[in-house]
Amino acid sequence: MTLPAGAGAIDAHVHVASDDEARYPRHPTGMASDWWRRGRYEVDDVLGSLTVAGVAQMVMVQAAGAYDDDNRYVVDMAAQYPESVRAVVVVDPGSPGMAAGITALGAHEEVSGVRCMAVRPSATWVGTTRTDQAFESAADAGLTMVLTVLPPHLPSLRPVMERFPDVPVVLDHCAFPTMAGGIMETDSPLRALVDLPQVTVKVTSHNLVPLAETGGARPFVEQLMGWFGPHRLLWGSDYPQTAHTSYAELVDVAVEAFADLAPPDVAAVFGGNTRRLFAFAAE
């Protein structure tokens with residue numbers, strides 16, 4: 001298997017951080033690794049790594065661990081590189097100015113998604129009216145809703161997805177499923193969302209790298225394909241947050257995991273679906 005030809009592959013989950021801390025001050029939250037402290041993850045640096053690996057474009061997901069919900073860097077860079085990148089901003093649904101924040105951020109043409117996170121202990125918005133307000137604001141702004149949530153959150157989120165069927169939903173890292181023997185449990189809360197066509201699952205290095213180290217990720221990918229099909233899956237590297245020796249290594253892990261897919265399905269997972277959901281120009 002090779003990455004899609006033509007317009008090239010799109011990485012649906014990349015983090016960036018500026019070395020200019022005066023212009024873009026950091027607000028560390030203690031989430032995940034502190035990759036951003038090493039420096040040299042400016043947009044130019046990251047795009048260079050993508051190009052070497054044969055990836056043409058990327059979705060910049062706000063680095064909440066470095067900047068919390070100060071989205072200025074990804075917004076500015078999305079405007080500066082409109083042909084190559086789109087931005088997914090982070091908004092806290094529990095904050096008083098959440099709705100206005102989504103509206104203001106969505107006014108930027110290259111911002112195409114809003115990320116709501118429930119992986120911090122302080123996150124209490126899931127299943128409350130704040131969830132509906134976030135979805136309503138995303139709908140008004142024309143943004144894809146990107147949810148960074150855990151399996152127990154999914155049953156509480158289903159009703160709001162049903163109330164807003166026109167809001168595309170992307171589940172980060174496959175919603176961190178519980179794994180056993182390289183696959184998910186058959187009664188996984190993720191599987192219960194298969195009948196909601198607006199739900200797409202983002203498969204990232206966070207999911208694939210551990211499986212590659214313990215027998216391979218193809219059974220996991222086969223399971224996801226059986227549940228959601230090729231047009232409801234995305235690939236994202238989670239670079240540089242997931243441990244790696246190089247960006248190319250993360251690409252190789254993904255290529256191996258999806259090696260059993262037919263070429264049209266590869267093109268969908270590694271580009272076409274991301275192009276559609278995050279408003280990249282047509283090929």
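**Notebook: pocket and salt bridges**

I began with the largest pocket: 20 residues line it, and Met 31, Ala 32, Arg 115, His 173 and Gln 241 lie nearest its centre. I am working on a predicted model, where local features need pLDDT of at least 70, side-chain atom pairs count only at pLDDT 80 or more, and totals for chains, interfaces and linings use all residues. Residues are numbered from 1 along each chain as its sequence is written, and side-chain values use heavy atoms, with hydrogens and water left out.

I noted the pocket rule: on a 1 Å grid over the protein atoms alone, a pocket is an open set of points with protein on both sides within 12 Å along at least five of seven lines, and lining residues have an atom within 4 Å of a point.

I looked up the volume of the largest pocket: about 270 Å³. That is the space filled by probe spheres set on the points, which are joined across faces, edges and corners.

Which elements give two or more residues to this lining? I found helix H2 (64-67) and strand E4 (111-117). H2 provides the largest share, 3 residues. Helices (H or I, at least four residues) and strands (E, at least two) are DSSP runs, numbered from the N terminus.

I sorted the lining by type: 9 nonpolar, 9 polar and 2 charged. Here Asp, Glu, Lys and Arg count as charged; Ala, Val, Leu, Ile, Met, Phe, Trp, Tyr, Cys and Pro as nonpolar; the others, Gly among them, as polar.

Next, salt bridges (a side-chain nitrogen of Lys or Arg within 4 Å of a carboxyl oxygen of Asp or Glu). My search of the whole structure gave 12.

I checked Lys 202 with Asp 172: the closest N and O atoms are 2.6 Å apart. Lys 202 is in strand E9 (residues 199-204) and Asp 172 in the loop between strands E6 (169-171) and E7 (179-180), so this pair ties together parts 30 residues apart in sequence. Both residues are buried (under 20% relative accessible area; exposed is over 50%, partly exposed in between; 1.4 Å probe, protein chains only). Arg 115 is linked with Asp 172 and Lys 202 in a salt-bridge network.

I then took Arg 218 and Glu 256, bridged at 3.0 Å between the closest N and O atoms. Arg 218 lies in helix H8 (residues 218-228) and Glu 256 in helix H9 (residues 247-257), so the bridge ties together parts 38 residues apart in sequence. Arg 218 is partly exposed at 30%; Glu 256 is partly exposed at 44%.

Last, I looked at Glu 162 and Arg 158, whose side chains meet at 2.8 Å, N to O. They sit 4 residues apart in helix H6 (residues 154-163), so about one helical turn separates them.

Key. 1 Å grid on protein atoms, 1.4 Å probe; cavity = no way out; pocket = protein on both sides within 12 Å on 5 of 7 lines; lining within 4 Å.
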